[in-house]
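Trainee: I would like to go through the terms used for this model.
Mentor: Go ahead.

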Protein chains: 2
Amino acid sequence: MIQPATESRSVIVEREIAFPPEKIWRALTQPHLIEEWLMKSDFKPVIGHRFNLRGEWGGVLDCEVLAIEPEKTLSYTWNFAHDDDAFDLRSVVTFTLTPTSKGTHLRMEQVGFRPDQKQAYGGARVGWQQFLENLEQLVARID
Amino acid sequence: MIQPATESRSVIVEREIAFPPEKIWRALTQPHLIEEWLMKSDFKPVIGHRFNLRGEWGGVLDCEVLAIEPEKTLSYTWNFAHDDDAFDLRSVVTFTLTPTSKGTHLRMEQVGFRPDQKQAYGGARVGWQQFLENLEQLVARID
């Protein structure tokens with residue numbers, strides 16, 4: 001059997017949210033809302049748009065919009081440049097929204113963790129749970 | 001009047017905490033506690049020790065212990081390397097603990113924001129309020 005040249009691991013977090021895709025889509029794509037559940041950003045829903053996500057402690061992610069299908073799919077790069085390979089992350093985040101009888105099934109997949117990036121992978125698993133919890137609370141608050 | 005070659009701004013956050021310095025010192029210096037209120041780290045209370053603070057979304061700070069006076073002062077670099085000058089941060093964080101009749105006066109000063117780093121500066125002001133709030137809650141929980 002031939003081994004792939006590069007292996008990568010994914011973090012997948014799914015969540016049933018009792019609101020329609022339209023509302024969740026706004027939380028995913030409007031900077032003043034993105035800031036509430038994720039981080040500050042200069043996101044725009046335009047393919048090829050480069051933006052940053054900025055943590056309050058000075059950390060910054062480099063991102064680029066890869067795919068948009070309104071109220072269905074949003075995909076962007078989620079890159080973190082660091083001299084140390086253990087921390088240098090080249091990943092892609094994809095959100096998929098599926099309407100259900102009770103609201104929306106939201107799926108987040110982050111692809112691109114190398115097998116040696118155990119800390120980043122473990123952190124992302126915890127982090128996305130929290131981010132999507134924040135998102136659900138936000139969506140419940142907004143009109 | 002001669003302008004200094006480099007100007008920098010500081011973020012200062014102070015907090016009265018109803019617990020003795022000894023307990024707060026543990027929260028500042030033990031990695032399993034630092035993780036609870038700040039970030040994951042491989043901190044050691046040794047001058048010159050280099051360590052990282054790691055956010056759950058993949059971001060990483062590069063740090064080095066500069067000064068330690070047990071239960072009184074802790075100082076370390078808080079650096080974030082980025083190609084974009086607006087995000088590249090070279091700063092120093094200093095915690096100062098002063099015993100009071102009711103517990104401890106905790107002072108945090110982060111020095112080194114350039115005048116053009118408004119986002120990082122604004123983020124740190126909000127971020128440190130939250131970090132020290134987390135720290136106070138942690139200290140109330142531990143023995």
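Trainee: How do the residues of the lining of the second largest pocket divide into nonpolar, polar and charged?
Mentor: There are three nonpolar, three polar and six charged. Ala, Val, Leu, Ile, Met, Phe, Trp, Tyr, Cys and Pro count as nonpolar, Asp, Glu, Lys and Arg as charged, and the others, including Gly, as polar. The lining includes D62(A), D83(A), D84(A) and R90(B), which count as charged because Asp and Arg are in that class. This is a predicted model, where local features need pLDDT of at least 70, side-chain atom pairs count only at pLDDT 80 or more, and totals for chains, interfaces and linings use all residues. Residues are numbered from 1 along each chain as written, and chains are lettered from A in the order written.

Trainee: What is the volume of the largest pocket, and which lining residues are closest to its centre?
Mentor: The volume is about 960 Å³. Q130(A), F131(A), E56(B), Q130(B) and F131(B) are the closest of the 30 lining residues. By class, that lining has 12 nonpolar, eight polar and 10 charged residues.

Trainee: What makes β6 and β7 of chain A a pair?
Mentor: Two strands pair if DSSP finds at least two bridges between them. Strands β6 (89-99) and β7 (104-113) of chain A have eight, in the antiparallel sense, so they count as paired. In one of these bridges, T98(A) has H105(A) as its partner.

Trainee: Which order do the strands of the open sheet follow, and why is one side of β1 and β2 left without a neighbour?
Mentor: The order of the seven strands in chain A is β1-β7-β6-β5-β4-β3-β2, with antiparallel pairing. β1 (9-17) and β2 (40-41) are at the edges with a single partner strand each, so one side of each has no neighbour in the sheet.

Note on methods
Heavy atoms only, no water. 1 Å grid on protein atoms, 1.4 Å probe; cavity = no way out; pocket = protein on both sides within 12 Å on 5 of 7 lines; lining within 4 Å. Points joined across faces, edges and corners; volume = space filled by probe spheres on them. Helix = DSSP H or I, 4+ residues; strand = E, 2+ residues; numbered from the N terminus.
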